[in-house]
Amino acid sequence: MVVPVLSLHVKSLGASPTVAGIVGSSYGVLQLFSSTFVGCWSDVVGKRSSLLTCILLSALGYLLLGAATNMFLFVLARVPAGIFKHTLSISRALLSDVVPEKERPLVIGHFNTASGVGFILGPVVGGYLTELEDGFYLTAFVCFLVFILNAGLVWFFPWREAKPGSTDKGLPLRKTHVLLGRSHDAVQEAATNRGARASKKAARPWVEVGLALRNMKNLLFSEMWDIFLVRLLMAVAVMLYYSNFVLALEERFGVRPKVTGYLISYSSMLGAVAGLALGPILRLYKHNSQVLLLHSSMLTCALLLLYSLAPTMGAVVLSSTLLSFSTAIGRTCITDLQLTVGGAQASGTLIGVGQSVTAVGRIIAPLLSGVAQEVSPCGPPSLGAALALVAIFIMSLNRPHSRGDRNGKLKSE
């Protein structure tokens, strides 16, 4: 509701385009550095309480935004949201705690569908409210009320949450790896270190967060580097596709921005529908998220190349239609792989790190897009196809010898 009209409101406050860009980037930087910490904090104190805290502090940010009449108050209002608006990430982590592992990709797919509908309806409602007198302030206040409503739902609805970790139990990372068939010395060493601390007195929450982050660092850099590298490459590839979509269609085919907007909305709706189609697709793949991710990445790479070489608008519409499905399925599969390797008890930290990786992609993609666009309007999606090909190569090299380990370790219902 608010994001599409933020730039207009900043301009109305008298800010220059440079200042507006700095303000927008500061929010992304806050998200980059806070997502991993907040995710790890949710593993320590519990998903429900951390989700409730993040919702309430995000609501405070939008309430301040509705009262911001100058740039200082505007920047101040963006700080709580930049640090604590990780409600979608914590919700995904909470879902991973309350559903069997076999059902997790399907449930997360449905969750992505619900959030996708929000991204479709939000700009429409926000655009309508902005047309009213003092519309931006009204929109911000409505967002505040929606967050308060969500806080009430979290508070009153019953939850079956897994117990948060402690220093006695450490960070319970599972000793499985999906993309790599390597040894697990680093994980076992972390488990030994946790066992040595088992006799010590329980530490304070922030000390537990530090210990959990240190253990997670060992796993990320020894066992999970390929998963997060694939996530980064695919995220940048898709961002490059969207980076100059409106401008490229206008230059290549003379399509007006209004028509391009309809095509973007059409693609967003298809992406939401893809979450509902994930169940049959997973059954077809026998719940093997690894192979499904590989195939969806191959399809994404081929479609980016098709869009780059598209001779007609018909080819553009076809590539956009199928990309909506392949990218939505790929996002769900990569999240499921992160949780499979790290374990449900570390879900908040894992998803937080994943969001940080995506945030890095948001920083890199505009720079690469600007350079590629100097060559050709088709440069950014062509570069995206090349990055997707690198991700596919990494996944192909690091595939395990068999799928028995994964299938044998699915949670019992």
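Q: Which handedness does the crossing of α5 and α6 have?
A: The crossing is right-handed. Keep in mind that this is a predicted model.

Q: Where do those two helices sit in the chain, and at what angle do α5 and α6 pack?
A: Helix α5 covers residues 87–98, and helix α6 covers residues 104–130. They pack at an angle of about 150 degrees. Their axes are 10 Å apart.

Q: What does that make α5 relative to α6?
A: Roughly antiparallel. Angles over 145 degrees count that way, so α5 is roughly antiparallel to α6.

Q: Which residues of α5 and α6 make the contact?
A: From α5, Leu 88, Ser 91, Arg 92, Leu 95 and Ser 96. From α6, Arg 104, Val 107, Phe 111, Asn 112 and Ser 115.

Q: How do the residues in the contact of α5 with α6 split by class?
A: Four are nonpolar, four are polar and two are charged.

Q: Now α15 and α16. What is the angle there?
A: About 140 degrees, with the axes 9 Å apart. Helix α15 is residues 313–342, and helix α16 is residues 347–375.

Q: What do we call α15 and α16, then?
A: Oblique to each other. An angle has to be over 145 degrees to count as roughly antiparallel, and this one is about 140 degrees. That is why α15 and α16 are oblique.

Q: Which way does α15 pass α16, left-handed or right-handed?
A: α15 passes α16 in a right-handed crossing.

Q: Which residues make that contact?
A: On α15, Thr 335, Gln 338, Leu 339 and Gly 342. On α16, Ser 347, Leu 350, Ile 351 and Gly 354.

Q: New topic: Ser 42. Where is it?
A: Ser 42 is in helix α2, which spans residues 17–45.

Q: Is Ser 42 buried or exposed, and why?
A: Buried. Under 20% relative accessible area counts as buried, and Ser 42 has 1% relative accessibility, so it qualifies.

Q: What lies 2.5 Å from a polar atom of the Ser 42 side chain?
A: The backbone oxygen of Gly 39.

Q: And what does Ser 42 touch, not counting residues up to four places away in sequence?
A: Lys 47, Ser 50, Ile 90 and Gly 348.

Q: What is the phi of Lys 286?
A: Positive, about 55 degrees, although Lys 286 is not a glycine. His 287 also has a positive phi, about 60 degrees, and is not a glycine.

Q: Is Lys 286 buried or exposed?
A: Exposed, at 61% relative accessibility.

Q: What about Ile 392, buried or exposed?
A: Ile 392 is buried, with a relative accessible area of 9%. Its place is helix α17, residues 379–397.

Q: What does Ile 392 touch, beyond residues up to four places away in sequence?
A: Leu 294, Ser 297, Met 298 and Cys 301.

Q: How many residues apart along the chain are Ile 392 and Val 230?
A: They are 162 residues apart. Their C-alpha atoms are separated by 8.0 Å.

Q: Last one: where is Leu 232 found?
A: In helix α10, residues 225–243. Leu 232 touches Val 357, Val 360 and Gly 361, not counting residues up to four places away in sequence.

Conventions: Residues numbered from 1 in each chain as written. Predicted model: local features only at pLDDT ≥ 70, side-chain atom pairs only at ≥ 80, totals over all residues. Heavy atoms only, no water. Axes fitted to C-alpha atoms, helices over the stretch in contact; angles between N-to-C directions. Helix = DSSP H or I, 4+ residues; strand = E, 2+ residues; numbered from the N terminus. Parallel < 35°, antiparallel > 145°, perpendicular 65-115°, else oblique. Left-handed = near helix turned anticlockwise from the far one by under 90°. Contact = heavy atoms within 4.5 Å. Buried < 20%, exposed > 50% of the residue type's maximum accessible area, 1.4 Å probe, protein only. Polar contact = N/O pair within 3.5 Å; in protein donor to acceptor, adjacent residues only side chain to side chain. Nonpolar A, V, L, I, M, F, W, Y, C, P; charged D, E, K, R; others polar.
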